[in-house]
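Here is a short report for a reader meeting this structure for the first time. Look over the chains, then read on.

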Amino acid sequence: MSERDASKEASQSFRVPGMGSIDTTRTITFTFDGRIYEGHPGDTLASALLANGVRLVGRSFKYHRPRGILSAGSEEPNALVELRTGNRREPNTKATTVELYDGLEASSQNRWPSLAFDVLSINQLAGSVLSAGFYYKTFMWPAAFWEKLYEPVIRRAAGLGRAASEADPDSYDKVTAHCDVLVIGGGPAGLAAALSAASAGARVIIADENPELGGRCLAEKRTIDEMPSAVWAKHAQEKLRSTNEVRVLTRTTVFGVYDGRTYGALERVSDHLPVPPQHQPRQRLWRIIAKRVVLASGATERPMVFGENDRPGVMLAGAVRTYINRFGVVPGRHAAVFANNDDAITTIADIQRAGAEVVAYVDSRKELSPAVLAVLSEAGVDAILGGHVESTTGTRHITGATVRTADGEIRNLPCDLIAMSGGWNPNLQLATHLNARPHWNETIAAFVPSALPPGMAVAGAANGLLTLAEALASGAQLGIEAAHEAGRPAVEARSYSTTPEASSIAPLWRVPETKGKAFVDFQHDVTTDDVVLAHREGFAAVEHLKRYTTLGMGTDQGKTSNVNALAIMAALTESTIPAVGTTTARPPYTPVAIGALGGAHRGRDFKPERLPPSYKWAREQGAVFTQAGLWLRPQYFPRPGERDWQETVFREVDTTRNAVGICDVSTLGKIDVQGRDAIKFLESIYINNWGSLAVGRARYGVMLREDGMVLDDGTTARLGEHHFLMTTTTGNAAKVLQHLEFCRQCLWPDLDVQLAPVTDQWAQFSMAGPKSRDLLRKIVDSEFDISDAAFPYMAAGEVAICGGLKARLFRLSFSGERAYEIAVPSRYGDALIRRLMTATEEFDGTAYGTEAMGVMRIEKGHLGAAEMNGTTTAYDLGLGRMMSDRKDFIGRTLGSRSGLMDPDRPRLVGLRPINPKHKISAGAHLLPQKAHRTAANDEGHVTSAAFSPILGHTIALGLLKRGPERVGEIVGVCDPVRGRDILAKVVSPEFFDPSGEKLRG
Amino acid sequence: MRINCPCCGERSLDEFVYYGDADLRRPDPQDEEAGAKFIAYVYERTNPSGFHRELWYHGLGCRTWIVAERDTRTHEIYATCRAVDGGAPEGAAADRERS
Amino acid sequence: MTTNDRYSIFSILRQAWRGNTGWKPVWRDVAPKPAYDVVIVGGGGHGLATAYYLASQYGRRRIAVVEKGWIGSGNVGRNTTIIRSNYLLPGNVPFYELSMKLWEGLEQDINYNAMVSQRGVLNLYHSDAQRDAYARRGNAMRLHGVDAELLDAAKVRRLVPFLDFENARFPIRGGLLQRRGGTVRHDAVAWGYARAADRLGVDIIQNCEVIGIRVDGGRAMGLDTSRGYIGARQIGVSVAGSSSRVAAMAGLRLPIESHVLQAFVSEAVKPFVGGVVTFGAGHFYISQSDKGGLVFGGDIDGYNSYAQRGNLPVMEDVCEGGMALMPRLGRVRMLRQWGGLVDMSMDGSPIIDRTPVEGLYLNAGWCYGGFKATPAAGLCFAHLLSCDEPHDVARGYRLDRFATGHAIDEKGMGPYPNLH
């Protein structure tokens, strides 16, 4: 038999009229490697390629051997293609799972220059050099060549398909669902389970990875309740779809089992279409919380391990039946069937019915049951019992099989298809995701689930019940039980009638004598020789075997290879299969697009934006915004004619220091503290004293972590006898609230104190500068006295503004200027900022952003996040004197550990450059002036720096070893990553108005 | 993982913040051994493989601190209660413990 | 090591000629002897490296490594393979830099290709504050003689053009680059050290679980194991996430919590990610293996766990970060998700020290960063076991540093293991 060239094949010449259940009345076109082909709706890419006689579909990973289509499902190791083009290109897509649509474009991958002629197939010739793990033994000399030569060459050959080079244009969706019973898999067992559970009134979700429910009902020629199984499945699906409280999720793979009975599932909403319809996602991630689960995920057929078993045309027997019975495609004209079990027998009749010839039936078993023998004789095929296929012939497609008979005779059988079956492995992956180990079932020669995740039961083939009758019965029973356990009434499981079937097996893990490479893992080119070598080198434990040979690490997750490899290793080590190891799977069951797991959280929507109350107004002003956690805060407000941000910031600082500036400080955390024990509570969490704070006054406070490090600072105002309002820094608002709730609920549950976060409830604006009170006077209703006598520095109270709007007023200052903060309910924030800005015109005031605020706070030596960095104590930051010695507070005990009291610790200082033109940047390190620039001389670092327009040079805060003792000393400011090394003078951290005159007015 | 908040009902893991061992008690700062006791309290952990009483904070919910009894090998949660209520009675905890 | 045993292109060709039938086991399968001078508990990367350096650098003999399963079954085979020495604090930088230098000569040293690949580690920053923090870190590295470069956005773009520079919620402003950082084939580290140690006479004993530590008069005498009692003059515990369990056998409580850290790998695609990239505005970092798989990860799951598996919200969080940083990943599929037990210490830094039990030594607290430390941890632990005093670069890794207030807290998170 000669090899066929696809181009000479008439269109769909392997399609068998009258067979299959797909709609052949409509014809659609698709391309593979640029050639146009025809197929039908309902086809997979694989079935359509086979219908057109295309057998060579891909190249293998290491040896670049020609590969075809092995399976008809998601276990496919060989037929991987790049689907779609441009920014929708999907590498490594299994042709067996791609639904055909009109205009589909696919290309082969990992080949150059073409699929038919691939230069790297030369790797085959070096097969014994490129044995398992060879790369661990070479490429070591000379050392520098690895990155420069060896690795680039390896990386050029690495990978399978190409990822898209542009952003994914499609959207993804996530949804959470709850149900009584989740049925995983819509084959006979799953359908029976879902029908049962639904009949008991349960809320059911049934999910199946195929576009229709039915599973092997659609792939086999069987009867259920006197109906063809495909018809029965169709009725069952319709019934489920019309039942209330049942949700049918087709094209949906349950890919992972997680704690708390949570199941991850991926619904391919639009993958069967050229592009997603408008307002539809490409895929949807389901998080399903199920009280009970029936796992009915079926089984996967094992290949036979014989020589050259990877050639296109060697196919799983079950897949052959699927192509014939479901798609009406016969994958060859002259077929040999090679099996070790009864199930494969039905393949013969299916092939014959499709008009193709069965040249031989080869069974490694010498003796078969009378029933099976009767089938063989009825079919009239040449049965070679106790025989093996040893090897195949052909190059890009098989042309024959070399068979050794029981008495040692070698026969060459011309054929273009070998349908093989080494038995079936239950798809128990989901049963093992929570670490349960399966156990070995000798009868079916496969692992079956043993311990199960909470709430899960396993039905049908997934539980090793391989016949249709068992699948239906176990599904029906477990569906009832699951519904009942989920709280639904107990009902009787119904029974189904089916035709009898045989299912015995005598395992054959590898053909004893083979010619050529015998592949165990097709995708990663792992052969029996590699398993033997792994054993020889001591990699006999299953995980060693997998890691050393890369077996089972491919995109198919070893679904067709793992058990064969374990069995071969067991034979080598003369132990049992379970002794070598078991196959526990890691999620996901089939690979999941990263885009689906990311959902809508990408681009600008990666995280929510928190917008301060003046956001809209600030936008209108053309403000530039900066990120502060999730907040967007105005960084500065450029005005026409200003050259750069620096000029704008100078103007904002200058205006604030000389007139008035307004800043939105709503982002600071605000926590309402109330209760009879509120004072006691504050005393325990702050380092300083609070007992003497009068109603109507505010105080600066510092709190520590229990380990003695500064946690946060801020002011807390006493609004009433038992009512306080605490502010935190913007960045620590949530952390401080959590800390306070911990203290209140876990440490001191007996204290009468309640907390409420009110950050979002209040819009708060700071007005700073010598004209701030004049500005304030314009909006505070006249009956309120805001004179310095009535409302001095650190006063706090309730006022009314703008004719009766209740507001809170605080006289606080971060800038060092006379300053007030006014707070109104958030909904008035926008109106208030507009009113303030109008009122400020007469004072030539300005709005200022975080940049100007940063400059002014450094000028005053106030602390920021760079100083309170989680490794500084109150002493380090010059706050040691605030610590009360009359009380306990969080952090006090451990704050006095010797390491934290060490006088050599870096402590807060100010720095100014010796040469005023020099710039100091945060992150620079501090060293003695003339010391060598090495770590041994490192004495600290610059925490914050800014150019002070008032002083005309850079100013900085830093943490310097014994800092406060060294005021006046000159130190080196060393910044090698920015190529700077200058000198600075150590000064007090208060650069501006150290006496605080301006503050008090 | 899903945690049963005594106030809100069962909620997904991502609403909670973990804090660790719920059986640690903040020592009396007046204790003569306060220094050593605080070091043990803040830094030393039993870290068992198996039954664990632990604190969770329902930060994206009602802000309740919760004591959960959970198996660190299986992530199964046996019981939850509010931390202000001091956790489940010790007898009940011991009964649920699995070796 | 005899020349016959040496791995090279020549040995490969010679063996290929003979059908690969002449290869020897990479390490001997041995049964435990009644007693050893040193028994290392834990056949992971650290334990095997310790045994190798004990024999090769400190001339120790009668050494065994006992492993409850198969060697390399813990974190050395579960991590995301990154090596780097881009640390901030003086307690850490010299240690990790020693490790980096050992990586750079490792393959020639142990005659095993672990594919040490210095393709660079880039940490992105997205704000001025982050930039300054990275400048501080980069400067600390430079002062220690470690390579570090602070890049602006334009330079980052030239280096990794495939990131989202146009439409990001947190725009990329630049990055801190350590060109000598990179990746190593993780399993090969365990196998390579095992082979090299084995050649020096170290007994590697698999399927040997420690079930008790015999202590007499404050002194460790030996180990009860699933394969019988093994006497030992010195016991070095190097068991990562199981540290608390093993230490408890000697009555010790450690400043450690065991947490689960997830990792992920995609299907193999043609390489386009050169080095390691770390997102600064989300929990995500990524590199690409020589096989083509994108290897990525994020934050720890954040609660005590011995389950070696992760949960869905964290996986989603990591992939959200991935899509925010590299939206071209959308159609690349995640192939596998797994978890490792990490020994989170109370300050995020490790412990290599004696314990209050004489003869019992501890190497633990590696958090999620133990892999890159493997050579130095092995060397420093071997030093401690042989000289009974810490190696110069590991002086800060003391067990009593919490009591004295000398925590080594890179992130400033305080005594909350799940925040480090």
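**The model**

This is a predicted model: local features need pLDDT of at least 70, side-chain atom pairs count only at pLDDT 80 or more, and totals for chains, interfaces and linings use all residues. Residues are numbered from 1 along each chain as its sequence is written, while chains are lettered from A and ligands numbered from 1 in the order in which they are written.

**Chain C**

Chain C holds ten helices and 18 strands. Helices (H or I, at least four residues) and strands (E, at least two) are DSSP runs, numbered from the N terminus. The C-alpha atoms of chain C fill a box of roughly 65 × 60 × 40 Å along the principal axes.

Of the 420 residues in chain C, 69% are buried. Buried means that 20 or more other C-beta atoms, placed from the backbone, lie within 10 Å of the residue's own. Two residues are in contact if their C-beta atoms, placed from the backbone, lie within 7 Å. Among chain C contacts between residues at least 6 apart in sequence, 75% join residues at least 24 apart.

**Domains**

Domain bounds come from an automatic or database domain assignment.

| Domain | Residues |
|---|---|
| Domain 1 of chain C | 24-112 + 186-254 + 347-419 |
| Domain 2 of chain C | 121-181 + 258-345 |
| Domain 1 of chain A | 6-123 |
| Domain 2 of chain A | 172-299 + 426-485 |
| Domain 3 of chain A | 302-423 + 512-580 |
| Domain 4 of chain A | 614-895 |
| Domain 5 of chain A | 903-1000 |

In chain C, the centres of domain 1 and domain 2 are 27 Å apart, taken over C-alpha atoms. Their contact takes 32 residues from domain 1 of chain C and 32 residues from domain 2 of chain C. On the domain 1 side, H3(C) gives the largest share, four residues.

In chain A, 27 Å separate the centres of domain 4 and domain 5, taken over C-alpha atoms. Here 23 residues of domain 4 of chain A are in contact with 23 residues of domain 5 of chain A. H21(A) gives the most to the domain 4 side, with five residues.

UniProt, in an unreviewed entry, places "domain: FAD/NAD(P)-binding" at residues 180-434 of chain A. Feature names are shortened, positions use the numbering used here, and annotations may be inferred rather than shown by experiment. Residues 180-434 of chain A are 22% helix and 36% strand. UniProt also lists "domain: Aminomethyltransferase C-terminal" (unreviewed entry) at residues 907-993 of chain A. Residues 907-993 of chain A are 0% helix and 49% strand.

**Between chains**

Which residue of E16(C) is the bridge partner of A:Val592? The partner is C:Met334. Strand E31 (residues 592-593) of chain A and strand E16 (residues 333-345) of chain C pair in the antiparallel sense over two bridges. Strands pair if DSSP finds at least two bridges between them.

The contact between chain A and chain C takes 94 residues from chain A and 92 residues from chain C. Helix H2 (residues 145-157) gives the most to the chain A side, with five residues. The contact between chain C and chain B takes 21 residues from chain C and 20 residues from chain B.

Note on methods: A residue is buried if 20 or more other C-beta atoms lie within 10 Å of its own, exposed if 12 or fewer, and partly exposed in between; C-beta atoms are placed from the backbone.
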